[in-house]
Amino acid sequence: MKKIAVIGGGVAGLSAAIYALRANAEVTLFEQFGLGGYTANLTKIHNYPSYPDIEGWELANNMAKHAKSLGLTDVVRQRVESLMHNLDGSFEIVTSKQTYNFNAVVVATGTTRNKLGIEDAYVGKGVSYCATCDGNFYKGQKTAVVGANGHAVSEALYLADLCETVYLLAPADKLALSERKQEKLDNKTNIQIVYNAKVTNIYGEGKVEGLKYTVNGAQNELAVGGIFIAVGSSPATDFIKIDGLQLDKGFIVVDDMCRSSVQGLFAAGDVTNGKLKQIVTACADGAKAGTSASKTV
């Protein structure tokens with residue numbers, strides 16, 4: 001039986017596993033945290049075909065159940081520390097506990113949240129990167145969201161239904177939004193937007209009590225209980241130690257069947273150089289990567 005490794009248990013990785021399993025391959029899936037990835041932390045999803053309205057955890061859970069129904073039993077809940085290419089063409093995966101070897105690998109690790117660089121001491125103590133995960137801790141409080149993209153606004157909109165006031169600190173002079181999201185933002189009276197804001201300090205005794213920021217050089221301060229950082233993301237590819245792998249700004253370059261520049265290595269979802277980062281495209285990538293991997297082992 002063909003043995004394939006899938007690194008990443010989000011929707012791209014699960015889709016790759018489903019298609020590889022359907023091709024009668026033996027799949028080992030590496031996922032340090034829960035199956036479903038970023039999708040599992042989303043609230044309402046309105047653009048996944050056949051589901052006009054579905055919770056992220058429910059969609060992710062459905063995909064995980066599907067993979068398990070096809071025989072996915074080998075889920076390694078360990079952090080992958082390195083992926084290397086051996087001289088014989090096989091791949092070596094080193095986790096925090098063990099070393100594995102496979103003839104084909106699908107990388108579906110997605111992206112990691114960018115940091116401000118000043119928040120490490122307060123992560124889990126008032127600083128978060130996920131409003132749907134941690135927003136309930138700040139009901140009735142004042143919170144801040146840092147970012148100017150659509151994700152930052154989504155975080156602010158979610159928190160606005162829980163918090164007294166949400167300060168959206170945008171490190172730009174405008175927000176990059178769709179018309180629909182702009183309309184939702186306009187209807188929230190408890191979201192206050194501060195443009196050209198640069199957060200310079202986070203303070204508090206053992207937990208977040210406030211932050212300091214500048215606008216065009218002028219110093220300002222806000223007393224908040226929670227700070228949600230949404231300043232973009234970067235591809236999670238630092239663990240890959242393979243010469244000859246073509247990257248584009250850290251994203252894995254793939255062809256139309258999700259094959260990378262290295263024989264036997266495939267990639268799917270947000271970790272690739274694909275321009276559209278959506279759940280449906282991640283699933284499509286997974287289908288192609290899983291199919292390609294099962295044919296080339």
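Asn196 is partly exposed, at 31% relative accessibility. For the cut-offs, buried is under 20% relative accessible area, exposed is over 50%, and partly exposed is in between, with a 1.4 Å probe and protein chains only. This is a predicted model, in which local features need pLDDT of at least 70 and side-chain atom pairs count only at pLDDT 80 or more, while totals for chains, interfaces and linings use all residues. Residues are numbered from 1 along each chain as its sequence is written, and side-chain values use heavy atoms, leaving out hydrogens and water.

Back to Asn196. This residue sits in the loop between strand 14 (191-195) and strand 15 (197-203). Helices (H or I, at least four residues) and strands (E, at least two) are DSSP runs, numbered from the N terminus. The phi of Asn196 is positive, near 55°, and the residue is not a glycine. Most residues other than glycine have a negative phi. Lys249 is another non-glycine with a positive phi, about 55°. Lys249 lies in the loop between strand 20 (247-248) and strand 21 (251-252), and at 76% relative accessibility it counts as exposed.

Next, helix 1. Is helix 1 largely enclosed or open, and why? Helix 1 is largely enclosed by the rest of the structure, because 10 of its 12 residues are buried. Those buried residues are Val11, Ala12, Gly13, Leu14, Ser15, Ala16, Ala17, Ile18, Ala20 and Leu21. Their cover includes strand 1 (3-7), strand 2 (26-30), helix 2, strand 9 (104-107) and helix 6. As for length, the expected span is 1.5 Å times one less than the number of residues.

Just after helix 1 comes Asn24, with a positive phi of about 70°. Asn24 belongs to the loop between helix 1 and strand 2 and is exposed, at 54% relative accessibility. From Asn24 to Lys277 there are 253 residues along the chain, and their C-alpha atoms are separated by 29 Å.

Helix 2 is next. Its 14 residues, 56-69, should span 20 Å, and the end C-alpha atoms are 20 Å apart, so the two agree. Which residues of helix 2 are buried? They are Gly56, Leu59, Ala60, Met63, Ala64 and Ala67. Seen down the helix axis, these buried residues fall within an arc of 135°, so they line one face of helix 2; the arc is that of the directions from the axis to the C-beta atoms. On the face of helix 2 turned away from the buried side are the exposed residues Trp57, Lys65 and Ser69. The buried residues of helix 2 pack against helix 1 (11-22), strand 3 (44-45), strand 4 (54-55) and helix 6 (279-296), where contact means heavy atoms within 4.5 Å. Following helix 2 is Gly71, which has a positive phi near 115°.

Now the second largest pocket, with a volume of about 210 Å³. On a 1 Å grid over the protein atoms alone, a pocket is an open set of points with protein on both sides within 12 Å along at least five of seven lines, and lining residues have an atom within 4 Å of a point. The volume is the space filled by probe spheres set on the points, which are joined across faces, edges and corners. Which helices each supply at least two residues of the lining? Helix 1, helix 2 and helix 6 do. Among the lining residues are Ser15, Ile18, Leu59, Met63, Cys283 and Ala287.

Take Ser15, which is found in helix 1. Ser15 is buried, with a relative accessible area of 7%. Leaving aside residues up to four places away in sequence, Ser15 touches Cys283, Gly286 and Ala287.

Last, Val280, placed in helix 6. Val280 is partly exposed, with a relative accessible area of 37%. With residues up to four places away in sequence not counted, Val280 touches Tyr48 and Pro49. Val280 and Gly269 are 11 residues apart in sequence and 9.3 Å apart, C-alpha to C-alpha.

Conventions: On a 1 Å grid over the protein atoms alone, a cavity is a set of points where a 1.4 Å probe fits but cannot get out, and a pocket is an open set with protein on both sides within 12 Å along at least five of seven lines; lining residues have an atom within 4 Å of a point.
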